[in-house]
Amino acid sequence: MKIILILITLVSTITGHAREAISGSRYELLTGVRRGGDSSKGFWDKKYARTNYIYGKAPAKFLAKNYDFIPQGSKIIDIGMGEGRNAVFLASKGYKVSGIDISSVAIKKARMLAREFGVRIETIHKSIADYKVPKNSVDAIVCFYFVDREVVKKLKSWLKPGGILIFESFTIKQKVINKIKEDDIYLLGEGELFKLFSDFNVLKYEQASHRKDFIASIIVQKPR
Ligand SMILES: C[S@@+](CC[C@H](N)C(=O)[O-])C[C@H]1O[C@@H](n2cnc3c(N)ncnc32)[C@H](O)[C@@H]1O
């Protein structure tokens, strides 16, 4: 019950973000990941059941500003794609995009969004836990508001040398905003993103404190 309350609080944050573009509580995503399997899928299916786009249709601002760090012609995987706001945006910029999500409702909404914007995306309805990708094979990865440190290790191994990864999520300071007392594990620590990618080349790092929400965003390149 506590977890559900946390999630509801976070959804309102996400909705707040939706005012500008989106935001989501990684908490949700994260909590979903922690519970794993069907319960996670059920949680997200329910969350996405409403007809509107809970994270909005516009891409995350950091992605909209910085997508061109990803070379044209790249194939991009969107991890925890959700309703497709980022995948569809990237497809509209000419990239080949595959989005993976555990929620069938999210996948359906992402396809609808792609149709609305007249672009093609590949959708993969799977848990990231069951998604197998050869090492050093992926041009680029985007991961927005899905914090699972074990998954981060996988993403790093999947990238080709020289490949680009763009990652964004809430930091621990967000707890104050959302009056959350627990579950730090799903929020990024101060400077944590930087450390998580200390073996990669950091091309850009932002820990925003000029917005209503506390977010850390990073663009990294796998060493060649
Ligand atoms: C907070 S939402 C973020 C959605 C999207 N990245 C965005 O920024 O709009 C987290 C997403 O991760 C998905 N998710 C949760 N656990 C997952 C898992 N194990 N495998 C794949 N997707 C998962 C959820 O269905 C949800 O769409």
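The following legends describe close-up views of a predicted model.

**View 1. The seven-stranded open sheet.**
The predicted model contains an open sheet of 7 strands with mixed pairing. The strands are arranged in the order E3-E2-E1-E4-E5-E7-E6.

**View 2. The parallel pair E4 and E5.**
Strand E4 (residues 138-144) and strand E5 (residues 159-170) run parallel. The two strands are joined by 6 bridges. Val 142 can be located opposite Ile 166 in E5.

**View 3. Strand E7 and its pairing with E5.**
Strand E7 spans residues 215-221 and is mostly covered, with 6 of its 7 residues buried. E7 runs antiparallel to E5, and 7 bridges join these strands. Ile 166, which stands opposite Val 142, has Ile 219 as its bridge partner in E7. In a regular strand, side chains alternate between the two faces of the sheet.

**View 4. Helices H5 and H6.**
Helix H5 comprises residues 85-92 and helix H6 comprises residues 104-117. The axes of these helices come within 9 Å and cross at roughly 30°. An angle under 35 degrees counts as roughly parallel, and H5 and H6 are therefore roughly parallel to each other. The crossing in which H5 passes H6 is right-handed.

**View 5. Residues at the contact of H5 with H6.**
From H5, the contact involves Ala 87, Val 88, Ala 91 and Ser 92. These residues meet Ala 110, Leu 113, Ala 114 and Phe 117 in H6. By residue class, the contact of H5 with H6 divides into 7 nonpolar residues, 1 polar residue and no charged residues.

**View 6. Helix H6 against the sheet.**
H6, whose axis comes within 9 Å of that of H5, also lies across strand E2 (96-101) and E3. Relative to E3, H6 runs at about 170°.

Note on methods
Residues numbered from 1 in each chain as written. Predicted model: local features only at pLDDT ≥ 70, side-chain atom pairs only at ≥ 80, totals over all residues. Axes fitted to C-alpha atoms, helices over the stretch in contact; angles between N-to-C directions. Helix = DSSP H or I, 4+ residues; strand = E, 2+ residues; numbered from the N terminus. Parallel < 35°, antiparallel > 145°, perpendicular 65-115°, else oblique. Left-handed = near helix turned anticlockwise from the far one by under 90°. Contact = placed C-beta atoms within 7 Å. Nonpolar A, V, L, I, M, F, W, Y, C, P; charged D, E, K, R; others polar. Pairing = 2+ DSSP bridges. Buried ≥ 20, exposed ≤ 12 C-beta atoms within 10 Å, placed from the backbone.
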